[in-house]
Amino acid sequence: MDNSRLFLYAALAFVGLLIWEQWKADYGPQPEPVPVVQQQQQSSSNISAQSNTAGMGSDLPELVGLGNESATGSNNNAAAATGKLIHIETDVIDAQIDTLGGVIKSLKLKKFPVDIEHPNDFLEIIYNRQDSLYLVQNGLRSSASVAPTHYSSFTTAKDSYVMDDSSDVLRVPFEWQENGIQVIKTYEFKRGNYLVDLKHRIINQTDSDWVGSQYRQLQRSRPLETSKILYTYTGSVVYNDEIKYEKIDFDDMEEKPFQLESSGGWVAMLQHYFISAWVAKPEETNLLYSIANTKRFPASYTIGMRSENQLINAGSEGEFNSQFFVGPKIVNRLEEIAPGLELTVDYGALTFLSKPLYWLLSFYNSLVGNWGIAIILLTLTVKAVFYKLSEKSYKSMARMRKVGPRLKALKERYGDDRQQMNKAMMELYKTEKINPMGGCLPMLVQMPVFIALYWALLESVDLRQAPFFLWIQDLSVMDPYFILPVLMGISMIIQQKLSPTPMADPVQAKMMMALPLVFTVFFAFFPSGLVLYWVSNNILTISQQWVITKRIDAGEDK
């Protein structure tokens, strides 16, 4: 098989895969905006009231699905339309929790600036804006008694809670009371940690038993912007020991609500580099569910879990305990929190290859302290592992290149007589000890590894705002001066010069000539860390291929 043709097909297939993934992201149903005329006619006060009351209660989990509760008495106490935002700050997060429902309406990551030019402008993962939202919600449900949902009004002793240098834990309590039922909702933040504990303490001061459950959910709108070049999944995921890892995207939620009774497991919302997740205890039974609310603006999509009922006798008290994580997708940390949570670092079908490659990348960074150099060392390691396979491929390509003029002469001799042409070619290959497939199979064997390495680099949050040297100060964004993409294009041209020249098909020859330019433009918008990997791989390939070609041309390797 012509190695140039194989390379062309592989390159086009790779580009086609990226285009297909982005097409699926671009042409899915989008939330319907409020008409501009209607927006202009509403006063600012009406807009505020509408945003607070539209769909109120429609994002609460149902009171059916676990136990024998009645669906009556949903107890949607949402009297207060607004609440007070309570400021929370630790060494790693800066958050705001609304007294209306105890909902987390803002959470910024202090270790992750929006960009390197503004180190004090922290990335806001959880937010509540006019055109988009991403909220962490929780509450209690009871069909026979009162219970605070995420629409109920809480009180708290202070307007601001800040972790001081002498403390490792910051506790933030919210209180609610009605008809003899008191609930103390306490968030517990830990130093240097994105995992937060949540406790609902129910004090039953009545003469009747209280029966109810807790729910925890993540609610967000569709992303306003998506990458036009690199597609990464944004949406929800559920996991337990039975179904393992299952994506439930926004279209799935609109088509049919998701419901599953589950032991243990977790639910999460994913985006590139970051995750929010509610984690259940291994022995805990929950109803996992989804809710799509498309009748308000912005349309919201909810993934959540609801516990079994708990009985709290009259005059006694009980607790619900939960954990949620909001932060970067760091594999080692996610593995410690819950089984399967590390799968949110989505390497796709080649996870079994990408995970060890990421581990090796992290190991090299721990040695050299530079993620760019670690990428180069990892690329060198992969090339070393496949050295022998590559050597066979390049030897075959060099021999094919050497006999190129003789193959051209055979074509001129036999013209359109393809049968005689093929017979003569086979005799020539046999005489020169050339295996026509020798250059193809080694390349095909290596291709999954290279693709797995590509995804390992794309999904690694460690590369975000990680400097390399000189003009590359953030390996997760494109090269500001396009130097690496140009170097990659030049390296592709050199590779073509070292490869066998196609005998025929002028269209294919023109496509091969245009390929470096196409890839240079395409990769100009790629994160520089990915382009660095391709440039490093191409330079190592050229070096190995040049040495082997020289040996074959000199007759030193038969």
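Start by selecting Ser 213: leaving aside neighbours within four places in sequence, Ser 213 is in contact (heavy atoms within 4.5 Å) with Gly 139, Leu 140, Arg 141, Arg 306, Ser 307, Glu 308, Asn 309 and Phe 320. A quick note before moving on: this is a predicted model, where local features need pLDDT of at least 70 and side-chain atom pairs count only at pLDDT 80 or more, while totals for chains, interfaces and linings use all residues. Residues are numbered from 1 along each chain as its sequence is written, and side-chain values use heavy atoms, with hydrogens and water left out.

Ser 213 sits in strand β10, residues 210-220; strands here are DSSP runs of E, at least two residues, and helices are runs of H or I, at least four, numbered from the N terminus. Is Ser 213 buried or exposed? Buried, with a relative accessible area of 0% (buried is under 20%, exposed over 50%, partly exposed in between, with a 1.4 Å probe and protein chains only). Now show the side chain of Arg 306: a polar contact of 3.1 Å joins it to the side chain of Ser 213. Such a contact is a pair of N or O atoms within 3.5 Å; within protein, one must be able to donate a hydrogen and the other to accept it, and residues adjacent in sequence count only if both atoms are side-chain atoms.

Next, grab helix α7, residues 371-385. Its buried residues include Trp 371, Ile 375 and Leu 378.

Definitions and conventions. Expected span 1.5 Å × (residues − 1).
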